[in-house]
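Have a look along with me.

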Amino acid sequence: MAEAKEQREAANPGRVLVESVTDWIRVYSDGSVDRLGPPEAAPFMVVVPPYDEPRDGVTVHDLATGRGVDVRLYLTVEETKTTSGRQRRPVLLHFHGGAFCVSHPAWSLYHHFYARLAVELNVAGIVSVVLPLAPEHRLPAAIDAGHAALLWLRDVASGCSGVNDSVAHPAVERLRGAADFSRVFLIGDSAGGVLVHNVAARAGESGAESLDPIRLTGGVLLHPGFIGPEKSRSELENPPTPFMTQETVDKFVMLALPVGTTSRDHPYTSPAAAVRAAEGARLPPILVMVAEEDMLRDAQVEYGEAMACAGKAVETVVSRGRGIGHVFYLNWFAVESDPVAAARARELVHAVKSFVDSH
């Protein structure tokens, strides 16, 4: 990665650095972006190739949807048929984190958790969206991509092979044969949790008939990356992680918001403003998962409170304990070595499962 960067700079010596986020990205005057990553994050950034042979009950497939967005599909192995026939199961549409500026659903960071989650929740599959990244593609580009993926699920449920050839893919046919499309859930980590709100709001504004025959049944926001107009107490006092520091919070959001934005108080990312913007939308029930030592804890709690005040169906669950910070459940090293992190991760999965099972 460093060698490629040096080659680009040699080819364009006039390229000027205009913004950087330490160890993560560098933005240049010609619009190009170098994405790096701190050394401690390297194990989590390994790309996991797709595979057709089941591993631990799951196969993984990378697909072009025909709607301008690619997806990674986690398919659970079909259950044994019973005399009453095969039971159809829910589908999750997943939005990865990365502050809208970095990350990819094929990273081991997500694969390690979501391949297991698909089995734990006993869903037909998890569709993880390859999101366009800022600053090349600023918001609402990621919202557009998330909504396009939701419309692709509509294509899959409808079997519109004449309109969208991707729905004839063998893996997609397996999904269509196993899925209960009346139970589609959105789920997202960090910035992906913010997208859950925004995509659900867009779908709610369009009306349920726009998604027919699928039905958006719920949204799960895992440590959503909302930030308020001013720095909160949790931002200032809670410890940073390899994936979140004061600098990443301050800089990434301004690189992701539309050009010309000068304030953190934006309806795409600010909790109270986001809820106000969605007041007229019919939102599905929402589960908000919060970590006690998350730098963004206060904004996440504020979002849940604002949703409740707006009359929306919302439940907020806080994972408590020393070292339980932002997206701790994705850090498998911590989960496998720390009994407290392991217990909180199990509780998080149980909370998500209970939410899905009850809707």
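I began at the hairpin of β4 and β5, where two residues lie between the strands and D56 takes a positive phi near 55°. This is a predicted model, so I kept local features to pLDDT of at least 70 and side-chain atom pairs to pLDDT 80 or more, while totals for chains, interfaces and linings use all residues. Residues are numbered from 1 along each chain as its sequence is written, and side-chain values use heavy atoms, leaving out hydrogens and water.

Strand β4 (residues 51-55) pairs with β5 in the antiparallel sense over two bridges; strands here are DSSP runs of E, at least two residues, numbered from the N terminus, and pairing takes at least two DSSP bridges. I found R55 opposite V58 in β5.

Next I followed β5 to strand β6 (residues 70-76): seven bridges, antiparallel again. V60 has Y74 as its bridge partner in β6. Five residues lie between the strands of that hairpin, and G66 takes a positive phi near 85° there.

Why is β5 largely enclosed by the rest of the structure? Five of its seven residues (58-64) are buried, meaning under 20% relative accessible area with a 1.4 Å probe, protein chains only.

Then I turned to the domains. The assignment, automatic or from a database, gives domain 1 (1-36) and domain 2 (47-358). I noted 10 residues of domain 1 in contact with 14 of domain 2, contact being heavy atoms within 4.5 Å.

Conventions:
Buried means under 20% relative accessible area, exposed over 50%, partly exposed in between (1.4 Å probe, protein chains only). Helices (H or I, at least four residues) and strands (E, at least two) are DSSP runs, numbered from the N terminus.
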